[in-house]
Each structure stands twice: as structure tokens, then as C-alpha cells.
Amino acid sequence: MNGRQFDIVLLGGGLAGGMIAAALARGRPDLSVAVVEAQPVLGGNHRWSWFESDLSPEGVDLLAPFAKTEWNGGYEVAFPGHRRTLSSPYRSLASGDFDAQLRRLLPEGAILTGHEAVTVDHAGTILDNGERIGARAVIDCRGQAKSAHLSGGWQVFLGHHLRTSTPHGVERPIIMDVTIEQVGIADPGAYRFVYVLPLSPDELFIEDTYYADSPVLDRDLLTRRIEAYCASHGWAGELLGSETGVLPVITGGDFAAYQAERRVEGVARAGALAGFTHPLTSYTMPFAVETALAIAREADLPADRMAAMLEARAQQHWRDTGFYRLLGKMLFGAADPARRWRIFEHFYRLPQGLIERFYAARSTPLDKARILMGKPPVPVTRALGALLQKGTPMNGQEAV
């Protein structure tokens with residue numbers, strides 16, 4: 001069945017595809033763009049959060065029209081022996097608001113939800129209803145894929161959106177509350193923390209998060225733990241919604257082999273599928289935004305050159321984030337998993353500027369030296385020695 005023709009077709013309406021569509025609507029309204037998403041809404045059931053310092057001024061402008069929760073009074077962290085308030089502004093965007101704004105930005109017929117791309121080539125895609133959607137360039141943004149070429153651990157979480165029966169009294173986000181029991185899900189070893197966002201005076205988003213060795217998510221168990229955490233703070237009320245996630249924390253691998261495994265000639269890749277994530281935190285917003293802006297600047301490229309441009313950006317991102325994979329190896333290689341939290345407690349004693357650059361994946365050489373100093377569960381010399389025995393160069397850069 002012959003179908004419609006567009007300048008650019010985006011496969012996947014998650015964060016990466018949506019940000020590209022927004023950047024093109026803002027910077028290149030002359031181009032026709034289609035977003036193909038298998039689910040009935042864009043963005044799925046997610047909440048994306050980021051520090052304002054993660055973004056360039058142009059990135060801040062791109063996100064300005066989206067309805068989001070903003071905290072300009074900073075955020076808090078809490079460890080057994082250390083509490084701190086940092087002044088960095090924090091932001092959070094719910095997928096419902098993401099979907100609504102994209103539908104306002106894009107013209108009628110540009111959003112093709114409820115349809116899956118069955119086959120893909122450099123000139124378009126065939127949908128599950130048999131329609132052929134043609135394009136000058138196709139960009140695949142359909143989410144991170146498992147691969148034997150990448151290694152690491154897992155970030156597993158369950159979040160509850162709660163309307164409290166009385167004002168909860170939380171003034172600012174709590175990015176990490178580690179004053180809880182350090183216990184895993186399927187095994188005893190994990191780094192566990194609770195993440196709390198005060199969305200309004202009587203609404204909270206509470207997430208129980210684990211850096212774990214396995215991808216097991218026991219929803220009933222984590223629900224009970226969130227309920228116990230709420231009870232300990234005197235919070236009770238109505239459950240408005242929930243969110244789960246099992247995200248890979250990449251600590252190494254052969255990225256060139258990963259790219260070759262996923263490559264379709266002439267089809268570009270973006271988002272987590274292309275490797276545009278923070279290896280240790282799994283944050284994606286800053287990389288989705290900057291990639292979207294880069295695509296908007298180069299929107300006239302033919303399919304093969306668009307694919308090559310994004311593949312080269314992904315390779316550079318892999319090289320630039322080698323230090324964070326090194327830290328991930330140290331985290332998951334800790335001799336006593338129940339004490340992994342000490343790595344983060346040490347980190348949150350460092351200067352705020354260093355912490356901001358870390359989350360934005362822009363750490364300087366001095367930042368990296370300061371992060372590695374101190375007394376983590378695995379001494380730095382032992383960790384580096386273990387890495388060298390496995391054939392990893394001292395600079396933390398894996399094969400590319």
C-alpha cells in the first residue's frame with residue numbers, strides 16, 4: 001500500500017524522537033516530519049528529570065514551552081553520616097505533558113501513534129497496517145536494545161505518584177535518601193536509595209531505586225517498601241499512578257561492534273538506542289536535547305550522511321564518557337555491595353560545580369582526580385589493577 005511522504009520520519013515517540021520533532025518544528029518548520037509510535041501516546045509512562053545546568057542555553061529554550069515542574073531552591077541528599085542541600089535548579093517533565101505539547105507543536109497528520117514500524121530502510125518504513133511511509137531520511141529512536149557487546153549492571157526502580165491527605169511539607173527534591181536499609185531485590189547486594197519529588201503541596205513522586213547486579217523488579221516488594229517509607233514520614237493518601245524501570249548501567253564493551261550489530265545502511269539512530277545516555281546515572285535528557293539540536297542544524301542532510309553524522313557523534317560520546325564507565329566498574333566491583341553507598345557519600349562531599357559537571361557528563365581532568373580520591377569501598381589502586389587484569393586501558397576507554 002502506497003502511503004505518505006515526509007522529509008524526515010522518526011521511529012519512536014519517546015524522549016529522543018519527541019525532542020527531535022520539537023527541535024525541527026522550532027528550527028525547521030519548512031520540513032515535513034512524521035513521528036511513528038507503537039503506543040497510543042508519545043512518551044509512554046515516564047518522568048524525566050534533569051538539572052538546569054545540564055543544558056546549553058539553546059537546550060533550555062527548546063524545553064521552555066513544555067509544562068514541567070521546576071525547583072529553583074535546589075535539592076537535598078541524605079546519607080547515614082552526611083546531609084546536604086545544593087542550590088542547583090532541578091526540573092521534571094511528565095510524559096503526559098510531553099505528549100500534549102508535541103501535539104500542539106506538530107501539524108495534523110505528523111503523529112502516527114498506535115502503529116509499529118515493521119520494516120525499515122533508508123527511504124522509509126512499512127507500518128503494521130501495511131502502509132508505506134516514505135522519507136528523505138529515517139531516524140530510529142526506538143529505545144535501548146540489549147546486546148552481548150555491552151556489559152554492566154542495572155538500575156531498577158518503582159515510582160509512586162501520591163496525593164497526600166494533608167500537606168507533606170517537603171520543600172525541595174530529595175535526589176538521594178540513603179538513610180534507609182541497604183537491601184537488594186533478588187539478592188542482598190545493591191545500592192539502594194529513595195528519590196522524592198514534591199510536585200505540589202499535596203503531591204509527591206516517590207521512587208525506590210536500586211543499582212543492582214540483576215534486572216529483577218519485584219513490584220509487590222517495592223510497593224511495600226515505598227509504603228513503609230511513606231509511613232515513616234507520616235505520608236498517606238491516594239495513589240495517582242506508578243512507573244517502573246529497568247535500565248542498563250553500561251560499564252564497558254565493544255561499542256563499534258554494538259553499532260555494527262544495530263546498523264541498517266542509510267538509517268540514522270538517536271537516543272538510548274544509539275548510546276546517548278549517561279553511563280552511570282542513565283540520565284538521557286541532556287543528550288536527547290543536544291542531539292535534537294544537532295539534527296535540526298543538519299536537517300538537510302541526505303539519509304546516508306545523516307546516519308554517518310549521528311554515528312560519529314555516538315562514537316565521540318562513547319569516548320567522552322569512558323570515565324563514568326570506569327566509576328560504574330568500581331561501583332559494581334565493590335567488595336561489599338551493602339556499602340556501595342559510601343562511593344556516593346564521598347561524591348556528595350565534593351564542590352557543587354564538580355557535581356553539576358558530573359551529571360552533565362562534562363567532568364574536567366581535575367574533577368575526575370577529585371572523584372577518585374578518598375576512601376571508596378574498593379581502593380582506587382585495587383580497582384584500577386583489577387581493570388588492567390581484564391585488559392581495560394587505564395584511561396577507562398574500551399574498544400571503539
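Predicted model: local features only at pLDDT ≥ 70, side-chain atom pairs only at ≥ 80, totals over all residues.

Q: What makes strand 4 and strand 7 a pair?
A: Strands here are DSSP runs of E with at least two residues, and helices are runs of H or I with at least four, both numbered from the N terminus. Two strands pair if DSSP finds at least two bridges between them. Strand 4 and strand 7 (residues 90–94) have three bridges and run antiparallel, so by the definition they pair.

Q: Why are strand 3 and strand 4 called edge strands?
A: The open sheet has three strands in the order 3-7-4, with antiparallel pairing. Strand 3 (47–51) and strand 4 (69–71) each pair on one side only, and that makes them the edges. Neighbouring strands of this sheet are turned by 15° against each other on average, direction ignored. Angles like this run from 0 to 180 degrees between N-to-C directions, using lines fitted to C-alpha atoms (for helices, over the stretch in contact).

Q: How do you know that helix 3 packs on the sheet?
A: Contact means heavy atoms within 4.5 Å. Helix 3 (residues 95–105) touches strand 3 and strand 7, and its direction makes about 70° with that of strand 7.

Q: Why is strand 15 called largely enclosed?
A: Buried means under 20% relative accessible area, exposed means over 50%, and partly exposed is in between (1.4 Å probe, protein chains only). In strand 15 (residues 203–212), 10 of the 10 residues are buried, so the strand is largely enclosed by the rest of the structure. Glu203, Phe205, Glu207, Thr209 and Tyr211 point one way, Leu204, Ile206, Asp208, Tyr210 and Ala212 the other, and all are buried. In general, side chains in a regular strand alternate between the two faces of the sheet.

Q: Which strands does strand 15 pair with, and how do you know?
A: There are 10 bridges to strand 12 (residues 150–164), running antiparallel. Strand 14 (residues 190–200) also pairs with strand 15 in the antiparallel sense, over 10 bridges. Phe157 stands opposite Thr209, and Val196 stands opposite Ile206. A hairpin through two residues joins strand 14 to strand 15.

Q: Why is His278 called buried?
A: Its relative accessibility is 0%, so His278 counts as buried. His278 lies in the loop between strand 17 (268–269) and helix 6 (285–297). Leaving aside neighbours within four places in sequence, its contacts are Tyr283, Phe287, Tyr324, Phe358, Tyr359 and Ala361.

Q: What about Ser282 and Ala361: buried or exposed?
A: Ser282 has a relative accessible area of 12%, so it is buried. Ala361 counts as buried because its relative accessibility is 16%. Ser282 is in the loop between strand 17 and helix 6, and Ala361 is in the loop between helix 10 (352–359) and helix 11 (365–372). Ser282 has a positive phi, near 65°, though not a glycine; Ala361 is not a glycine either, and its phi is positive at about 60°.

Q: Why does Val289 count as buried, and what does it touch?
A: With 0% relative accessibility, Val289 counts as buried. This helix 6 residue touches Met19, Leu55, Gly59, Leu62 and Leu63, not counting residues up to four places away in sequence. Val289 and Arg26 are 263 residues apart in sequence and 13 Å apart in space, C-alpha to C-alpha.

Definitions and conventions. Residues numbered from 1 in each chain as written. Heavy atoms only, no water.
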